[in-house]
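This briefing is meant for a reader who is meeting the structure for the first time. It takes up the metal site and then the aromatic pairs.

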Amino acid sequence: MSENLCYVDAYARSIEARVVAVDPADPSLVVLDRTVAYPGGGGQPPDHGILLRGVDGHVWMVGGAKKDGDDIVHQLELGGGEPPAVGDVVSIDLDWARRHLLMRTHTALHALCGVVWRDHGAQVTGGNMEPGSGRMDFEFEHMSGDLVGSIEETVNRELAAARDVRVAVLPRAEAFAIPDLIRTKVDLLPPGIAEIRTIEIVGLDLQADGGTHVANTREVGSIRVTGYESKGRINKRIRIELVAPG
Ligand SMILES: [Zn+2]
């Protein structure tokens, strides 16, 4: 099982680790005993970074990561070269500019969910993001340019309120007792999952979530709604991007 610091400390950007497996069929796929790389999921893409072998300074680009059972598999860009060997001591170092932008984007999308739910009672049905931009789909019957304009203003006010963002891991039964979590379809999680990780924007939003987030909403800066569209009678999509910090 790979230990992954990203779930407890989103600001961990590098760690020393040992190579525990190299896929014989595809040697670009490497498992470490521990990592800081987010393996993707919940609309947040996997991290990029580098793998450095201290003993000879060999560097591999990490183009992504994914979960395989309890392991985190790193996708290396070998470019025809050799992979590291099982037992090698390496350090993994994230592309931090990209990851931090994804953290800001992910927290911004949760703030959007929180505002749309609190002010309009609309549930989120899906979402996706790239570094710096993203979209969320809502069960939202009536939407207009005026409405998304006011949503943008409200989200920016909430972000500027410097709300803390907290990570918790709750026993399943406890998570089920929280009404806010029901709207994020916590009841759809597989029965085998004993613990549920939650992300709370204090006073605004609480969701079951596996992603990486900033510690306070002021770190997000502000957002701009770049579009909205109808995906059917009920489903509506809102697109946002981060406004570059001044
Ligand atoms: Zn999320």
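Donors, as the word is used here, are N, O and S atoms within 2.8 Å of the metal, and because water is not among the atoms, sites may look incomplete. The model is predicted, and it holds a zinc ion whose protein donors are His106, His110 and Asp209, as well as two aromatic pairs.

**Zinc site**

- The zinc ion has as its protein donors His106 through NE2, His110 through NE2 and Asp209 through OD, lying 2.0 Å from the ion.
- Along the chain, the donors of the zinc ion follow the spacing H-x3-H-x98-D.
- Because His110 lies in helix H1 and Asp209 in the loop between strand S13 (205-208) and strand S14 (222-230), this pair ties together parts that are 99 residues apart in sequence.
- Both His110 and Asp209 are buried.

**Aromatic pair of Tyr7 and Tyr38**

- Tyr7 and Tyr38 form an edge-to-face pair, with 6.4 Å from centre to centre and 70 degrees between the planes.
- The pair links distant parts of the chain, 31 residues apart, with Tyr7 in the loop between strand S1 (3-4) and strand S2 (14-22) and Tyr38 in the loop between strand S4 (34-35) and strand S5 (49-53).
- Tyr7 counts as partly exposed at 21% relative accessibility, whereas Tyr38 is buried, with a relative accessible area of 3%.

**Aromatic pair of Tyr11 and Trp96**

- The ring centres of Tyr11 and Trp96 are 6.2 Å apart and their planes stand at 50 degrees, so this pair is tilted.
- Since Tyr11 lies in the loop between S1 and S2 and Trp96 in helix H1 (residues 96-120), the pair ties together parts that are 85 residues apart in sequence.
- Tyr11, at 32% relative accessibility, counts as partly exposed, while Trp96, at 15%, counts as buried.

Key: Residues numbered from 1 in each chain as written. Predicted model: local features only at pLDDT ≥ 70, side-chain atom pairs only at ≥ 80, totals over all residues. Heavy atoms only, no water. Phe/Tyr/Trp six-rings, centres within 6.5 Å; stacked < 30°, edge-to-face > 60°. Helix = DSSP H or I, 4+ residues; strand = E, 2+ residues; numbered from the N terminus. Buried < 20%, exposed > 50% of the residue type's maximum accessible area, 1.4 Å probe, protein only. Donors = N, O, S within 2.8 Å, 3.2 Å for Na, K, Ca; no water.
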